[in-house]
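Here is a protein model to look through together.

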Amino acid sequence: MWNLIRRVAANFRLEARGYHAAPRSGVSTGLYGFHHLRTAGGFQRFVDEAIESNHMKSRRVIVLLIYVRSTELVAFISTMPSAADVVRAMDEISDTVCSVVDSAELCRHTHPDREYVEEANKASLRINEYLHYLNTDHSLYDAVKKAEREGNSLTEEAQRAAHNLRVDFEKGGIHLCEEKLDRVNQLNIEIAQLCRQFGENIINDPGYVDVFPTSRIPKQLRHLCKPIYQSSSRESTALSKSGYHMKERGFRISTEPSALSSVLQCTADEEVRRMAYIKGNSVPHGNLHVLDRLIAARHELARITGYRTYADFVVKQNMASSPKVVASFLLEMSEIVKDKADEEFEAIWRVKREKCSPTAHLEPWDEAYYTALMKSSAFNLDSSVVASYFPLPQCIEGLKILVKSLFGAKCCNIPMAPGESWHPDVLKMSLHHPEEGDLGILYLDLYSREGKYPGCAHFAIKGGRRISDNEYQLPVVALVCNFSGSPNSSIARLNHWEVETLFHEFGHALHSLLSRTDYQHFSGTRVVLDLAETPSNLFEYYACDFRVLKTFAKHYSTGEMIPEKLVESMQAARKMFAATELQRQIFYASIDQTLFGEEAASPRDTSLVVADLKRQFTSWKHVEGTHWQARFSHLLNYGAGYYSYLYAKCFAATIWKKVCQDDPLSSATGTALRTNFLRHGGAKEASVLLNDLVGGGILKKRDGGIVPDIASLCEEMNVVCDVKLTEGKICGLLDQSKLLSASIHPSIRDVGSPP
């Protein structure tokens, strides 16, 4: 149960069912609408009430179980809870705890007030300790096992809930002896602390480079820079002796992921790119030790709970079912894209030799710059022209149009009560259907600011759940991005990649807001890990289709609709280095699977692992001394599961082609997506959801697991899918591979710059 809690978000309090009704004018509330959070110190009371409330709920389940076991109370059997009552009570416990877990997570990553952040950190640590206490409650475990045994009296969703709860309890070690269970709880607390430290190090040590003179930094990047000065090396001896010193002006530029990406893409000066690349991929150094400890702790946890590796621990419950299936999928994809990726590499190299010299070497810090240059040249694209059609307010209107066209619902801006918001830039919208009423609440925190989580993410605040036949707890989510600008100063104009990112995160939000599950365990994105990224990847297609873009993409000054020829150029440019990008995602997934697929008690040097994998899975070389993995935050929340992004790309390509492409904005398309997929969250088997939506041809069985059908993605990328790997060939590839040897013996976007 609690493993499920750690990776999802929801909350429900009986006294807060009306939580997000429109507040009366001037009526104060607390952060996110929770009355406890009127002050930073309210987090501690929030934890106290969650624990006190759950103690009462736990005792209720325990007492009812005593009644069941007591033969002297047979007369009271008719008043005892059914299996459904037990599942419902368990769901309410996790829902209450999640109100603290997820509010604290959002606060830690976004709140500008350090007091709130510190109190959220304390609350997060304390509630996690309480979760581990619940892991040891055998009465709850027995209740769940009883409910699972009585599954024939449950709905299909309740049966899945009982089964998942039992499995998650056992992954928490409750079936082990007391000594081992204590160690599991210690390890889980240690892992949570290490993940927190890893993330804090990324924020606190982004790195920087100093560049002199200022002319070496393009004008469009200077908003990212801080002016600095140094004594000029050109000053004369006479001036120096007279006491007059000339100062040379330069720029200090951060190498946090988004700034680094901009520098690598837009800076013509190769030495500046080189400095930024090396620095950006060498910080924070402290995370190397944190990562080693995290790998060791996760490995020990897996071994104690009966798994060979942490990758086995994670992948077992997913569609893939085993690291061996993941390995075969990654190697199959790698074989298919290798030739085209090599051709793309050679094309980039030719351009650099033409621009520089016939003997110029192609370096990793060249990729973003020359690919952008080649796209611009081939399709006459100017990034500033593209961005002029995507002012952020218009993009938000595009999301509203999308929801109206597909699902017949409206996204309405609504005011926040005093104390509800964490920053003036945050918007609040309700999703409302004319027949069904309110569907959920969405917060948008889209502008960059100091101290904020540096990437883009979807945070759940409250999950949906059935309260009664006529009452439903509405989901509440927040989308967090880091676009330049501010509503009160310069309005952000997004490049096309940023538009895709916004639509990607909105896909997650729709998954949460449109699901209608009985239990919050399955609300929205609470699905198996290798299905979770499918809606978000699907909605990236909407950000690239002219039929969609023409409804909202309008020039910021003239109001002119985006030209179709420009969109065609954008689409062609997007596909220009598709094999290289796919190869990079395979590389990322291979790192993740290898680091958490180790069988040895002591992990290998992670930098050596990354270097080996880069040579094996990409056309690009590794730069000695860099350790990009130290800021690869997906190793935390997607540990041994990053391959899910590749699964999602394949699933989304098939769904787009077979369900959406003909008429992407029609209500028929929206009905199919919502009825057959989005509304079910994780309440149905992932394979059933995919087949129900597409009607077959979207997945394949392999070695006891499931892999995506890759035909649609290959067709989209213009890659000939003629590599049909037999079981023998797969085994041969696995035997040859150093990369995944540890994890296969008889586990995109938001990642930062390319390593």
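Q: What makes the three strands β1, β3 and β2 an open sheet, and in what order do they lie?
A: The order is β1-β3-β2, with antiparallel pairing. The edge strands, β1 (208-211) and β2 (225-231), each pair on one side only. Neighbouring strands here are turned by 30° against each other on average, direction ignored, going by axes that are lines fitted to C-alpha atoms, with angles running from 0 to 180 degrees between N-to-C directions.

Q: What kind of model is this, and how are its residues counted?
A: It's a predicted model, where local features need pLDDT of at least 70, side-chain atom pairs count only at pLDDT 80 or more, and totals for chains, interfaces and linings use all residues. Residues are numbered from 1 along each chain as its sequence is written, and side-chain values use heavy atoms, with hydrogens and water left out.

Q: How do you know that β2 and β3 pair?
A: Two strands pair if DSSP finds at least two bridges between them. β2 and strand β3 (residues 247-254) have seven bridges, in the antiparallel sense, so they pass. Lys 226 stands opposite Arg 252 in β3.

Q: What counts as a strand or a helix, and how many of each does the protein have?
A: Both are DSSP runs, numbered from the N terminus: helices are H or I with at least four residues, strands are E with at least two. The protein has 28 helices and 12 strands.

Q: Why is β10 called mostly covered?
A: Buried means under 20% relative accessible area (exposed is over 50%, partly exposed in between; 1.4 Å probe, protein chains only). In strand β10 (residues 476-483), eight of its eight residues are buried. Val 476, Ala 478, Val 480 and Asn 482 point one way, while Val 477, Leu 479, Cys 481 and Phe 483 point the other way.

Q: Which strands pair with β10, and in what sense?
A: Strand β6 (residues 437-447) runs parallel to β10, joined by six bridges, and Leu 442 stands opposite Val 477. Strand β7 (residues 457-462) pairs with β10 in the antiparallel sense over five bridges, and His 458 has Leu 479 as its bridge partner.

Q: Why is Val 325 called buried?
A: Its relative accessible area is 0%, which is under 20%, so Val 325 is buried. Val 325 sits in helix α13 (residues 323-355). Leaving aside neighbours within four places in sequence, Val 325 is in contact (heavy atoms within 4.5 Å) with residues including Tyr 647, Asp 703 and Ile 706. The C-alpha atoms of Val 325 and Asp 703 are separated by 6.5 Å, though the two are 378 residues apart along the chain.

Q: The search finds 29 aromatic pairs; why is the pair of Tyr 647 and Phe 651 edge-to-face?
A: Rings of Phe, Tyr and Trp (its six-membered ring) pair if their centres lie within 6.5 Å, and planes under 30 degrees apart are stacked, over 60 edge-to-face, the rest tilted. Here the centres are 5.9 Å apart and the planes at 85°, so the pair is edge-to-face. Both Tyr 647 and Phe 651 are buried.

Q: How do you know that a charge sits over the ring of Tyr 556?
A: NZ of Lys or CZ of Arg must be within 6 Å of the ring centre and within 35 degrees of the ring normal. The charged end of Arg 493 is 3.5 Å from the centre of Tyr 556's ring. Likewise, Lys 171 lies over the face of Phe 313, at 4.4 Å from the ring centre.
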